[in-house]
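Morning, everyone. Please take a look at the sequence and the structure on the screen. I will walk through them briefly.

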Amino acid sequence: MTSFFETSGEPPLLLAVSVHYATRAAIREARKQLLRWKGLNESDSMFLLEVPATMPVVKKLCGLKNVEIYLQSLLS
């Protein structure tokens, strides 16, 4: 016997939404960490994450280029 949830497509939809929110949370934390490395106490958590969230967009929102610059500064 199948339940309503198995036939409605709700589980895949909820999985997709949970991935989007987890990505948003990861971006927010990456931005906070970047501000801490810069010695700032500001909260720069305002951003728009479009769907689909492609990897280049996520990297840009995380400030990955800034992280690479920071890591290189530690090595020199």
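Confidence in the protein chain is lowest in helix α1, residues 4-8, with a mean of 60. Confidence is highest in α3, at 88. That score is pLDDT, the predictor's confidence in each residue, from 0 to 100. Where pLDDT is low, the predicted coordinates should not be read in detail. The chain as a whole averages a pLDDT of 80, and 82% of the residues score at least 70.

Two housekeeping sentences. This is a predicted model, so local features need pLDDT of at least 70 and side-chain atom pairs count only at pLDDT 80 or more, while totals for chains, interfaces and linings use all residues. Residues are numbered from 1 along each chain as its sequence is written, and side-chain values use heavy atoms, with hydrogens and water left out.

Now the fold. The protein chain has four helices and zero strands. Helices here are DSSP runs of H or I, at least four residues; strands are runs of E, at least two; both are numbered from the N terminus.

What about the inside? Buried residues make up 17% of the 76 residues in the protein chain. Buried means under 20% relative accessible area, exposed means over 50%, and partly exposed lies in between, with a 1.4 Å probe and protein chains only.

Which residues form the largest nonpolar core? There are six: I27, F47, L49, V58, L61 and C62. The largest share of this core, three residues, comes from α3. A nonpolar core is a set of buried Ala, Val, Leu, Ile, Met, Phe, Trp, Tyr and Cys residues, joined through side-chain atoms within 4.5 Å. Take L61. Leaving out residues up to four places away in sequence, L61 touches I27, R31, F47, L48 and L49. Contact means heavy atoms within 4.5 Å.

Next, charges. How many salt bridges does a search of the whole structure find? One. The side chains of E29 and K32 meet in it, at 3.4 Å, N to O. The definition asks for a side-chain nitrogen of Lys or Arg within 4 Å of a carboxyl oxygen of Asp or Glu. E29 and K32 are three residues apart in helix α2, so about one helical turn separates them. E29 counts as partly exposed, at 41% relative accessibility. K32 counts as partly exposed too, at 36%.

Last, a loop. P52 is found between α2 (10-37) and α3 (55-62). The peptide bond from V51 to P52 is cis, with omega near 5°.
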